[in-house]
Amino acid sequence: MLLTMVPAWAQQLVNGRVVEQTTGDPIVGVNIVEKGTTNGTITDFNGNYSLSVSSGESTLLFSFVGFSDQEVLVGNQQVIDIQLLENVEQLEELVVVGYGVQRKSDLTGAVSSVKSSELTATATPSISQALQGKVAGVQVTAQSGSPGAGMDINIRGMGTVNGTGPLFVVDGLPITGDASFLNSNDIESMEILKDASATAIYGSRGANGVVLITTKQGKKGTSTINYNGYVGVQNVWKTMELTNAEEWAILKNEARRADGLPILPGLEDPASLGKGTDWQNEVFRSAMIMNHQLSFSGASDRSSYYISGDYIGQDGVMTGTDFERISLRTNASHKVKDWLKVGLNMNVSNSKRNLVLENDEFDGKAPLNGALTLDPVTPVYNPDGSFGSTTYSNIHNPVAEIFYTNNSVSTNNIVGNIFADVNLTDGLVFRTSFGITYENGLDESFDPKYYVANYHQNQSNTLAQTRFENFSYTWSNTLNYMFDLGEKHRFNVLAGQEVQFVRNEWLQGYISGIPDKYAKNPTLENGDPNTAKTLGGAKQYGLVSYLARANYNFDDRYLLTGTVRMDGSSRFGSENPWGVFPSFAAGWNLHNEHFMDLPAMFSQFKLRAGWGQIGNQRTGESYYPYLTQVSTTPGYTLGGVKTQGAAPLGIGNNEIKWEATTTLNIGTDIGLLADRLTFSAEYFIRETSDMLVQLPIPDHVGVEDAPFVNAGSVKNSGFEFQINWREQRDDFTYSLGANVTTIKNEVTSLGEGGEPILDGDFRGIGYISRTEVGHPIGAFYGYKMVGIFQTQEEVDAWGAQPDAKAGDVKFAKNENNELVQDFIGSPHPDLYLNFSGSASYKNFDLSFNLQGTVGNDIYNGLRYYNEGTGFGNFSRKMLNRWTGPGTSNEIPRVTENGAQQNLLISDRFVEDGSYLRLQNLQIGYTLPAVLTERVGLSKARVYLNGQNLFTMTKYSGLDPEIGSRSGDQASALDIGIDRGAYPQARVYMIGLNLTF
């Protein structure tokens with residue numbers, strides 16, 4: 001804890017050094033307070049301190065987590081050296097679990113913990129991104145590199161086709177959504193519950209794992225003021241290698257000649273065109289990022305408080321994109337009576353995100369797609385200053401597209417809870433907690449009137465606004481009893497009840513014909529009433545739950561955990577509203593067994609095993625899948641009169657029930673050399689059954705949406721390994737760590753008939769993603785390329801592609817001379833890798849983190865344009881295209897209209913998506929205490945930070961980190977498909993940490 005400076009009238013200066021009693025090593029950050037005052041300081045990296053006190057009658061209090069406190073009367077001493085003794089009870093690390101805490105040594109489930117220092121080592125506005133690579137079995141993938149974009153988080157693979165993200169619980173409050181409103185500097189720790197024995201206490205909401213977030217509280221001692229801030233610059237770490245104007249014209253002319261078409265005007269002399277327009281340079285930029293956080297904290301014997309304010313501002317590396325967020329957090333608690341403690345945790349935030357269309361493959365309407373496909377002959381601007389347009393395709397000018405785009409999402413968010421802990425008797429505590437999440441916002445899109453080309457224009461000022469409001473509350477009541485029977489039997493029993501309510505509302509308005517004079521500040525009332533359209537809706541659901549858990553510890557050797565939860569959900573009909581989810585786990589601390597006689601080097605050796613079931617009630621956007629919903633929007637004409645009609649949107653199914661996930665987990669935790677070396681290994685099987693899916697139905701049924709049924713199962717299995725080494729040698733401290741995860745994902749059933757689920761539509765020519773029994777969720781499906789036809793004789797002899805010509809792609813066929821489709825790749829990695837390290841020497845510190853994947857594939861949709869169509873710009877790979885027999889067996893000829901089969905969905909566009917990325921590198925320096933104390937500081941640290949400094953990958957696209965598709969066409973099954981995804985930025989920043 002960091003403390004205030006002594007007042008100027010102090011009369012006695014005391015110096016000294018604080019070390020560990022057993023080793024003599026210095027202790028950094030020991031809290032030293034003049035008892036009864038707010039005057040204090042902390043020890044530096046060498047354990048030294050200096051403090052002025054009011055008189056020799058003063059008493060100094062020395063305290064540090066994990067050590068027993070010491071008090072010393074100053075008297076006439078000028079030098080006071082202290083040896084602190086370890087407090088074994090304090091050193092026992094506590095880990096947050098569902099509805100409580102446990103000693104780490106008592107854990108029987110698969111639980112991983114990430115501390116504040118690990119999260120803040122990566123300076124990022126997203127806590128999900130800060131979590132990336134930190135925990136074995138947890139895959140974090142960016143949906144986009146755009147500021148404010150979401151992240152995909154999968155814990156131990158994709159277990160269902162319905163919403164794969166985990167449940168976030170912030171200070172005991174389950175969140176209906178992600179935790180993007182939080183700032184990493186406000187977080188004390190994150191615990192990730194990975195198997196059913198750990199997550200079953202959360203029942204239906206824990207099917208995809210649980211992330212428990214504990215925010216910071218005030219610590220006993222003097223009041224502390226902290227400032228954390230950074231400013232940096234971002235840029236793209238890679239650009240695509242595309243042809244310049246001269247090269248493009250040569251290939252374009254060749255393509256037209258191959259199709260018997262004349263050379264287009266302006267392309268007769270390619271050499272005269274020069275390099276032309278570099279569209280990537282026109283849309284990408286160096287962009288600023290900054291973050292400033294100020295916090296105030298403190299605590300006494302009865303009260304504690306933590307207050308923080310935070311601002312994050314991030315411009316995107318693509319023009320037209322940015323993100324801002326302002327947030328305020330207040331955590332406070334007070335011990336009203338010895339038996340009663342009350343408190344609150346509250347976070348209020350406001351954010352605004354400006355964005356452009358992303359990851360869309362149609363005609364450059366997404367600016368990044370346009371920058372990668374528009375020909376380089378077309379200028380950005382015409383001589384008169386108007387925007388240029390191409391005459392060679394209908395791809396939009398991306399600079400104009402950004403200029404005329406006015407899309408933004410503004411959100412206000414309140415998340416908080418109040419609680420009371422009542423100590424009924426020794427070891428028996430009743431807790432009641434009531435929390436809310438409230439979000440409202442405006443999603444706005446204004447399209448001004450403009451003209452760039454006949455295919456790129458908007459004839460009227462139009463405005464679309466969607467106002468949304470999401471509200472939920474959770475009321476939890478638990479009774480926790482901890483007691484011992486004798487010296488060897490320890491019990492921890494929990495029982496509780498919980499109610500949750502969720503409501504979502506939205507109202508959309510659209511109007512066009514807004515006069516130009518209102519274009520700068522358009523409103524819905526300004527437009528032509530005849531063009532007005534409105535649409536809206538509201539939906540809600542509730543959950544009632546009962547839960548219980550019992551932990552038993554015999555002599556710190558044998559550990560047992562049993563959990564059961566019963567959930568009743570309004571999402572299911574009268575037939576199956578309730579689900580019961582049990583779990584069991586056991587642990588064995590071998591290092592505490594007398595008969596084992598393990599070598600002295602073993603400080604820990606635990607075996608763990610657990611089994612459990614958890615449920616899932618997620619049915620996408622449908623909160624009432626058991627009801628047949630009817631729309632009154634349709635109309636019909638009868639007798640020349642338009643009449644209001646009604647039609648069913650889908651078919652309800654009152655018999656659907658809870659999706660269930662059963663997990664088996666076996667693990668071990670080993671510590672050697674006083675836990676300087678720690679190792680953990682896990683083997684898990686996670687099987688989802690009765691999966692809630694919408695299976696395809698015939699068109700003649702006449703409804704838009706297929707009914708939900710329990711008709712599928714998915715199996716995930718794999719291993720997790722984590723190893724860490726830490727050591728201190730005099731002034732030098734260092735640590736190294738690595739984690740590796742293997743996951744095999746397989747669909748084992750899709751119900752009666754087993755019809756596959758198709759997704760990932762690409763330009764209307766077919767579906768890339770296919771979820772089918774015996775294969776992973778969302779696997780790639782298409783034709784297989786076996787080479788390039790070298791001669792017309794080879795085409796004729798092949799027989800399966802009669803329209804092909806020499807130089808076209810040759811696809812695999814069957815014995816009936818028919819082209820065949822098959823599975824051509826998987827977006828799921830075989831391995832997830834992470835390597836991290838840190839070191840400190842005196843006042844210097846360093847940390848780094850590398851993360852990556854092995855074995856996943858990416859469908860590179862941009863190659864549809866860039867390799868062979870003649871429609872847009874070309875990849876420079878096309879300079880090595882087929883031009884005659886023997887010239888290439890990988891890259892086809894250029895053609896404009898003559899080889900549509902070359903563009904079929906096939907493994908030609910599937911690439912290895914494996915990568916290894918230096919995600920973070922940070923170097924810091926803490927100023928000596930003798931300097932900081934002169935200006936009223938307890939601590940001052942400056943650091944340099946770099947992110948995404950290098951990436952090793954064979955993937956030819958802009959970025960190998962391709963998550964699921966987001967936006968209006970978001971789908972958990974549309975993963976690993978690159979349509980022009982917004983890349984991750986390379987970031988260089990300088991930061992400052994100050995403590996007063």
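Start by selecting Asp-597, which sits in the loop between β30 (578-589) and β31 (602-616); helices (H or I, at least four residues) and strands (E, at least two) are DSSP runs, numbered from the N terminus. Its phi is positive, about 50 degrees, although Asp-597 is not a glycine. Most residues other than glycine have a negative phi. Asp-597 counts as exposed because its relative accessibility is 65%; exposed means over 50% relative accessible area, buried under 20%, and partly exposed in between (1.4 Å probe, protein chains only).

Before you click on: this is a predicted model, in which local features need pLDDT of at least 70, side-chain atom pairs count only at pLDDT 80 or more, and totals for chains, interfaces and linings use all residues. Residues are numbered from 1 along each chain as its sequence is written, and side-chain values use heavy atoms, with hydrogens and water left out.

Next, pick Asp-675, in the loop between β36 (659-672) and β37 (677-689). Here too phi is positive in a residue other than glycine, near 65 degrees. Asp-675 is partly exposed, with a relative accessible area of 25%.

Now for the inside. Select Tyr-230, Val-283, Phe-284, Met-318 and Leu-372: these have the most contacts inside the largest nonpolar core, which has 34 residues. A nonpolar core is a set of buried Ala, Val, Leu, Ile, Met, Phe, Trp, Tyr and Cys residues joined through side-chain atoms within 4.5 Å. Colour the elements that each supply at least two of its residues, and you'll include β17 (221-236), α7 (367-373) and β58 (985-995). What does Tyr-230 touch, leaving out residues up to four places away in sequence? Its neighbours include Pro-125, Ile-289, Ile-312, Tyr-943 and Met-989, where contact means heavy atoms within 4.5 Å.

Another core, of 25 residues, lies apart from the largest one, and Leu-119, Ala-142, Met-151 and Val-170 are among its members.

Stay with Val-170 and switch to a cartoon view. Val-170 has Leu-173 in β14 as its bridge partner. Strand β13 (residues 167-170) pairs with β14 in the antiparallel sense over 3 bridges; two strands pair if DSSP finds at least two bridges between them. Both belong to an open sheet of 5 strands, ordered β10-β15-β16-β13-β14, with mixed pairing. At its edges are β10 (111-115) and β14 (173-175), each pairing on one side only.

Last stop, the charges. How many salt bridges does a search of the whole structure find? The total is 37, each a side-chain nitrogen of Lys or Arg within 4 Å of a carboxyl oxygen of Asp or Glu.

- Show Arg-431 and Asp-421, whose side chains meet at 2.6 Å, N to O. Arg-431 is in strand β23 (residues 428-447) and Asp-421 in strand β22 (residues 406-425), 10 residues apart. Arg-431 is partly exposed at 30% relative accessibility, whereas Asp-421 is buried at 15%.
- Move to Glu-505 and Arg-503, with their closest N and O atoms 2.7 Å apart. Glu-505 is partly exposed, at 30%, and so is Arg-503, at 27%.
- Then find Arg-917 and Glu-961, a salt bridge of 3.1 Å, N to O. Arg-917 is in strand β52 (residues 915-926), while Glu-961 is in the loop between β54 (951-953) and β55 (964-965), 44 residues apart. Both are buried.
- Finish by selecting Arg-156, Lys-194, Arg-608, Asp-669, Glu-682 and Glu-720 together: salt bridges link them in a network.
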